[in-house]
Amino acid sequence: MVHWADYMAEKIIREKGDKGFYVVESGITPSGYVHIGNFRELFTTYIVGHALEDRGKKVRHIHMWDDYDRFRKVPKNVPKEWQEYLTMPVSEVPDPWGCHDSYADHFRLLFEEEVEKLGIKVDFLRASELYKGGEYAHDVRTALEKREKIVEILNRFRDMAKQPHLPKDWQPIQVYCPKCRKEAQFVEWDGEWRVKYKCTHCESEDVTDIREGNVKLRWRVDWPMRWAHFAVDFEPAGKDHLAAGSGYETGMEIIRAVYGKEPPIPLMYEFVGIKGQKGKMSGSKGNVILLSDLYEVLEPGVIRFIYARHRPNKEIKIDLGLGLLNLYDEFDKIERLYFGLEELRNLEEAEELKRTYELSMPSIPEKMVAQAPFRFLVVLVQMPHLNEDRIVEVLKEQGHVPTNLREEDLERIKLRIKLAKNWVGKYAPDDVKFELQDQLPEIEIDEEIRMALLEVADWLEEKSRFTIDDLNTMLFNAAKKRNIPSKKYFKVLYTLLIGKDRGPRLAPFLASLDKEFVIKRLRLEA
């Protein structure tokens, strides 16, 4: 079984030719928070580029910030006063929160920082700088020269969608007024570099040179222009952009007819959401989960793993509840498989999973770094008598991590301890949370169960050292010889310890507690 990123890399080489250098692209308008759904486009682009590099190819990954798009509406979380900036480029709208140079930068810079933490190298480009620097001047002029061809293409697709034709005065460009920076009306083009405009906002009427960067292509032209300008070989897109009559379909024809080049190979990706959350995430609405939110509970490699293991045409529903524990279990199992510490009968599946791990890791260690079971850490971090150092000792004592820890082992364990604490505080359901009972709870206990508890207490007192398996066997045998139903027995034990009917796996839990406290509690001593 071939990983989907490797399949796409081979497809690109086959269809674009076996070259030494490829360009892959992703992009978005920073008009709101760039969330985990938006990130799928960047990661899909990155991982296919990664697969190309693994084949000895040089790859440039461009992530285009469309920060020269106009400010179209004021989001709910932005003051109404920002209406005065409507139609200005988002890169020139002030930051409502006052912490960045512009509205666009507020969202752009956060996402760039988040991506850097994942070990992803991207060439972040800003449309505002490219237009203002004259980078696209010739491309803009080409679009004006071939305006009729563009209109003919767009109208043909509008016919198919049973939509009215574009207005006769439609132009492939929009103009930003050099004086007030709001969108102005196009008046005429002189056939060379000068565009006459009229601004209804500041009532100015003048001429601007295309090379000065005040003239921008409309998005259905801007997208194929960019493909041509940077010779893009591959770019994924959401299903809305790849549907019939979408920007990609019109772009395919525009790049060929206007710029004389071939479009990039596309790949459709599905939405990303949070399990239990209704509706589609929207950066402008503010109902989003950011990579920063995932960093609070997930290792960087696990975040990448979520996206790497899912084929792009499959929707991702990230479970931040109990499913997160299963996610860590799955990741750790595949990591052990990669390092030969675990086996899988299906060899093809094993190879695909190993490849998924390779593509998930920001950097692959020479030797597997110690895995502290996240599920068990969730228990340990809720014990008030265990600090970070003591948790590490418990993990050693119970054989979860080596006794001789390297620096990288300790670093990872401490990170997971921090992430587990965050998860318990933010996402853990109530039935996972517990509080150790300082006082002996008032509870009626049958004589058979009292005797079983005393037997376990005496056993613990006699043993200076024991394994979890030894303790587990002792717990069950004490109940079995007295014909005590397991459910009734464990309910008493959990009630005595945490005041709840159920709790974490009992043997490891008891072994993690202070031995004298456990003996005293089993003997029902206040």
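User: Hi! Which helices do the buried residues of α16 pack against?

Analyst: Hi! They pack against α10 (291–295), α12 (323–338), α14 (374–380) and α15 (388–397). Here buried means under 20% relative accessible area with a 1.4 Å probe, protein chains only, and contact means heavy atoms within 4.5 Å. Helices are DSSP runs (H or I, at least four residues), numbered from the N terminus. This is a predicted model, where local features need pLDDT of at least 70, side-chain atom pairs count only at pLDDT 80 or more, and totals for chains, interfaces and linings use all residues. Residues are numbered from 1 along each chain as its sequence is written, and side-chain values use heavy atoms, with hydrogens and water left out.

User: Which residues of α16 are buried?

Analyst: Asp 409, Arg 412, Ile 413, Arg 416, Ile 417, Leu 419, Ala 420, Trp 423 and Val 424.

User: Switching topic: where does Ser 512 lie, and is Ser 512 buried or exposed?

Analyst: Ser 512 lies in helix α20, residues 506–512. Its relative accessibility is 2%, so Ser 512 counts as buried.

User: And what does Ser 512 touch?

Analyst: Leaving out residues up to four places away in sequence, Ser 512 touches Phe 376, Leu 380, Met 383, His 385, Leu 386, Val 394 and Gln 398.

User: Last one: which residues divide up as nonpolar, polar and charged in the lining of the second largest pocket?

Analyst: That lining has 18 nonpolar, 6 polar and 11 charged residues. Ala, Val, Leu, Ile, Met, Phe, Trp, Tyr, Cys and Pro count as nonpolar, Asp, Glu, Lys and Arg as charged, and the others, Gly among them, as polar. A pocket is an open set of points on a 1 Å grid over the protein atoms alone where a 1.4 Å probe fits, with protein on both sides within 12 Å along at least five of seven lines, and lining residues have an atom within 4 Å of a point.

How values were computed
Helix = DSSP H or I, 4+ residues; strand = E, 2+ residues; numbered from the N terminus. Buried < 20%, exposed > 50% of the residue type's maximum accessible area, 1.4 Å probe, protein only.
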